[in-house]
Amino acid sequence: MSKRTVFTTITALPVGITRETVLETLHNHFEMIDLNPLVIERHPIKAPRKASPEEFHSIWYHVVDKINYFPGYTGRTEFDVCFHDLNNGLQTHVYAPLGLDIKDKWTLGGTLPHEPKEPVEIGLGVPKDGLWLRE
């Protein structure tokens, strides 16, 4: 049975962090992969056959996670993920085992003190000042 779940998280970023620093981090794919403490291996790969035409020219990685099922029993799960850098963020698509697709998008928003205020989407509860990350 197919089920789609969508959620949005807004995270206020610390004062003093620059737009450039956030985008450098989002566009550093190894750094983004390594934020997951379960990762024990990752390496670039060519686009797999299952890649959609839209994702074919994205940057692809094969990732291995270590899973602890319960004390004394561990395993590994392997999956492919594509990264697509955006001007203001990053899109990823994880092709996890058992047909689980996880699509994620991080976008940088907000304004710094010297920048003009921009209209923001209502209903998200974004901070009025400073930068924020939308996932």
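Read from the N terminus, the elements of the chain follow the order β-α-α-β-β-β-β-β-β, which amounts to 2 helices and 7 strands, where helices (H or I, at least four residues) and strands (E, at least two) are DSSP runs numbered from the N terminus. The model is predicted, with local features requiring pLDDT of at least 70 and side-chain atom pairs counting only at pLDDT 80 or more, while totals for chains, interfaces and linings use all residues. Residues are numbered from 1 along each chain as its sequence is written, and side-chain values use heavy atoms, with hydrogens and water left out.

The C-alpha trace spans about 50 × 40 × 30 Å along its principal axes. Of the 135 residues, 33% are buried, a term that means under 20% relative accessible area with a 1.4 Å probe and protein chains only. Among contacts (heavy atoms within 4.5 Å) with a separation of 6 or more, 44% are between residues 24 or more positions apart.

The strands form an open sheet of 7 in the order S1-S7-S6-S5-S4-S3-S2, with antiparallel pairing; two strands are taken to pair if DSSP finds at least two bridges between them. Its edges are strand S1 (10-12) and strand S2 (39-45), each of which pairs on one side only. From one strand to the next the twist averages 25 degrees, with axes being lines fitted to C-alpha atoms, for helices over the stretch in contact, and angles running from 0 to 180 degrees between N-to-C directions.

Within this sheet, strand S3 (residues 59-70) pairs with strand S4 (residues 73-86) in the antiparallel sense over 11 bridges, and isoleucine 59 has phenylalanine 83 in S4 as its bridge partner.

S5 itself is mostly covered, with 6 of its 7 residues buried. On to S6, S5 makes 7 bridges, again in an antiparallel arrangement, and histidine 93 has lysine 103 in S6 as its bridge partner. The hairpin formed by S5 and S6 has 5 residues between the strands, and leucine 98 in the turn has a positive phi of about 65 degrees.

Turning to the helices, helix H1 (residues 19-26) lies across S4, strand S5 (89-95), strand S6 (101-111) and strand S7 (130-134), and runs at about 170 degrees to S6.

Definitions and conventions
Buried < 20%, exposed > 50% of the residue type's maximum accessible area, 1.4 Å probe, protein only.
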